[in-house]
Amino acid sequence: MSGVRALVGTRKGAFVLSSDGNRRDWNISGPYFSGWEIYHMKGSPADPDRLYASQSSGWSGQVIQRSDDGGATWEPVGNQFSYDGTPGTHQWYDGTPHPWEFARVWHLEPSLDDPDTVFAGVEDAGLFKSTDGGTSWHELPGLRGHRSGSSWQPGAGGMCLHTIILDPAEPNRMFAAISAAGAFRSDDAGQTWRPVNRGLQSEGIPDPDAEVGHCVHRIAMHPLRPAVLYMQKHWDVMRSDDAGESWHEISGNLPTDFGFPIDVHAHEPETIYVVPITSDSEHFPPDGKLRVYRSRTGGDDWEPLTSGLPQQHCYVNVLRDAMAVDSLDTCGIYFGTTGGQVYASADAGDNWSPIVRDLPAVLSVEVQTLS
Amino acid sequence: MIRVVLPAHLRRLARIDGEVVLDVSGKVTQCSVLDALEARYPMLRGTIRDHHTMRRRAFIRFFACEEDLSHDQPDAPLPDAVAAGAEPYLIVGAMAGG
């Protein structure tokens with residue numbers, strides 16, 4: 001029977017939540033790597049038993065963990081992330097040059113067809129690749145080495161490369177997003193990159209055609225429609241119909257267009273989900289009501305989804321990597337909160353219930369659909 | 001025989017119960033002890049010292065015989081009591097954060 005496995009990274013360890021295809025009864029295992037921050041975990045599309053996890057702490061730095069049995073056991077693999085050549089500088093918050101310094105891995109993106117190949121998006125923003133199951137890592141320096149790199153500045157959470165998307169239709173095409181530099185595209189398997197931010201309007205950037213400097217929070221793609229990209233920016237929900245060449249706003253009737261995650265229904269490329277957050281200084285839902293908003297029209301026209309979600313006194317946040325979907329016949333939607341709840345909907349968002357309520361603050365949620 | 005005590009989060013990472021006992025050949029220094037520790041437990045590389053500079057990570061401290069050795073030269077001899085195994089070499093996570 002089919003099933004699902006949710007990989008949940010938190011401030012104090014990792015958890016694996018699993019269920020059969022009914023998604024009613026859940027087995028919760030963990031914490032793994034207790035006491036450490038788990039920014040992200042993700043499974044290989046080519047081998048669902050191969051999982052990668054980014055484990056870090058302010059005391060002891062970065063560790064990468066790998067599982068070859070679906071999360072039952074883990075082994076630490078390589079943790080040496082060295083920028084290519086002389087790292088140089090980017091801009092600091094005050095505008096002065098600041099040396100590039102590795103802090104942590106924010107996002108791990110396994111290859112679509114090789115379990116041993118995995119990409120890592122890191123802070124300070126850079127893109128690394130391993131072709132030996134995480135044992136060794138090398139930078140793809142073309143991204144950080146773009147001529148705009150020395151002008152990139154960190155967002156409030158650090159200068160992180162948080163989104164990596166591999167195009168299933170064009171194997172050499174990939175996208176990356178950096179806070180607060182913007183979105184980038186490569187058409188040669190990550191060797192060279194160019195900013196793809198035309199149409200983004202960002203408060204505080206006077207130049208409407210600014211090539212970089214945009215605080216992109218998250219980008220999502222449906223694999224059947226890889227030229228269509230959806231973006232949750234710091235403010236504004238955006239859409240591109242030409243693989244990032246241009247963007248237009250689709251915030252429409254959202255109560256606020258600030259937020260972090262954005263995701264796409266597994267079977268309906270025009271059905272998308274966001275979690276509106278009050279503002280950049282108030283990282284909680286408007287009016288204390290936790291509402292996922294769904295658009296079935298690819299944006300602009302949004303409906304609140306509230307059934308089963310707290311509609312009073314709720315002041316949690318949902319971080320950028322903390323929403324995921326499964327690909328069962330009735331698409332499941334999942335998200336985790338900074339209050340430690342992981343909510344699931346087995347009917348595309350119509351009804352929600354918590355899988356677990358009291359984990360440490362959730363940093364990331366990824367879901368594997370198992371056959 | 002050198003006794004080394006690690007903080008709990010590094011014991012979990014390396015799957016160590018209690019103290020580590022190491023044989024260190026030659027001069028017993030912080031550097032030679034950490035080299036021996038990392039040789040036996042490669043997953044600790046980069047978690048105590050920086051991979052490249054080999055300098056102590058900012059929030060890791062070193063103690064022995066009730067002395068803070070964190071700012072001592074890495075190649076300075078450790079106290080005789082540590083070299084003799086009478087006292088442990090303590091690797092401590094600084095009390096910072098939550």
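Guide: Arg239(A) lies opposite His248(A), a residue of β21(A). This is a predicted model, in which local features need pLDDT of at least 70, side-chain atom pairs count only at pLDDT 80 or more, and totals for chains, interfaces and linings use all residues. Residues are numbered from 1 along each chain as its sequence is written, with chains lettered from A and ligands numbered from 1 in the order in which they are written.

Visitor: How many bridges join β20 of chain A to β21(A)?

Guide: Two bridges link strand β20 (residues 237–240) of chain A to β21(A), and the two run antiparallel. Strands here are DSSP runs (E, at least two residues), numbered from the N terminus, and two strands pair if DSSP finds at least two bridges between them.

Visitor: In what order do the four strands of that open sheet run?

Guide: The order is β18-β19-β20-β21 (chain A), with antiparallel pairing. At the edges are β18 (216–222) and β21 (248–249) of chain A, each pairing on one side only.

Visitor: Turning to chain B, which side chains of β5 are buried?

Guide: Tyr89(B), Ile91(B) and Gly93(B) point to one face and are buried (20 or more other C-beta atoms within 10 Å of a residue's own, C-beta atoms being placed from the backbone).

Visitor: Which residue is the bridge partner of Arg61(B)?

Guide: Val92(B), in β5(B). Four bridges join β3 (residues 60–64) of chain B to β5(B), running antiparallel.

Note on methods: A residue is buried if 20 or more other C-beta atoms lie within 10 Å of its own, exposed if 12 or fewer, and partly exposed in between; C-beta atoms are placed from the backbone.
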